[in-house]
Amino acid sequence: GISDDDWTDRGLINPYNKKHRNELRVMFASPLAWRDKNNRYHAISMLDYTSEKDALIQVFKEVNCNNSVTFDFATTDKLRTALSFGCTALHFSGHGHPSCLNFEDGRSGLQLVSNEALRDLVQAGGLKLEFLFVSACHSRKTGEAFVEAGVKHVVCVKVAEKVCASL
């Protein structure tokens, strides 16, 4: 296995170490394309994750917060792993639709994950997730699904509203 020092040397947090279970997990979904019924690929507009990541890091520096923050791509496998290892705070950033969120399929493609599937993933994780911030257009119903799953604190976007491009 990899020691905690090896994880740190690589700029990573060891997800198997219990002392890192209370960090904020930031997951970005940035699929490059989606495939239609005729197997034609269509590009997906990119979001500015670099600026969002930099802003989050700056906020934690300004408040002198010692909590760890990890960044990763949003796939259902990575979400399941984070929840299984006791993730208590999650920030999701990606495209949203009234009935689902856009995740990545692990090959840079689009995976639509329904609100019901997200609710089931959270419940299967043993309900340790206490805070969720969903930075995605049309994410209110997704937020409601997380509340139904038992997440205590959820921040999301109204159904008919889009996330502001510049704050």
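1. Helix H3 (residues 76–84) lies across S1, S4 and S5, and runs at about 175 degrees to S1. Helices (H or I, at least four residues) and strands (E, at least two) are DSSP runs, numbered from the N terminus; contact means heavy atoms within 4.5 Å. Axes are lines fitted to C-alpha atoms, for helices over the stretch in contact, with angles from 0 to 180 degrees between N-to-C directions.

2. The model is predicted: local features need pLDDT of at least 70 and side-chain atom pairs count only at pLDDT 80 or more, whereas totals for chains, interfaces and linings use all residues. Residues are numbered from 1 along each chain as its sequence is written, and side-chain values use heavy atoms, with hydrogens and water left out.

3. Within H3, the residues Thr-76, Leu-79, Ala-82 and Leu-83 are buried (under 20% relative accessible area, with exposed over 50% and partly exposed in between; 1.4 Å probe, protein chains only). Viewed down the axis of H3, its buried residues fall within an arc of 125 degrees, so they line one face of the helix; the arc is that of the directions from the helix axis to the C-beta atoms. Their cover includes S1, S5, S7, S8 and helix H4 (115–124). Just after H3, Gly-86 takes a positive phi of about 90 degrees.

4. An open sheet is formed by 5 strands in the order S4-S1-S5-S9-S10, with parallel pairing; two strands pair if DSSP finds at least two bridges between them. Strand S4 (69–73) and strand S10 (153–155) stand at the edges with a single partner strand each, so one side of each has no neighbour in the sheet. From one strand to the next, the twist averages 15 degrees.

5. Inside this sheet, strand S1 (residues 24–28) pairs with strand S5 (residues 89–93) in the parallel sense over 5 bridges, and Phe-28 stands opposite Ser-93 in S5. Helix H2 (residues 49–62) lies across S1, S4, S5 and strand S9 (131–135), at about 170 degrees to S1.

6. Strand S7 (residues 100–104) is mostly covered, with 5 of its 5 residues buried. Cys-100, Asn-102 and Glu-104 are on one side, and Leu-101 and Phe-103 on the other.

7. Antiparallel pairing links S7 to strand S6 (residues 96–97) over 2 bridges, in a hairpin with 2 residues between the strands. S7 also pairs with strand S8 (residues 110–114) in the antiparallel sense over 5 bridges, where Leu-112 is the bridge partner of Asn-102. The hairpin of S7 and S8 has 5 residues between the strands, and in it Gly-106 takes a positive phi near 95 degrees.
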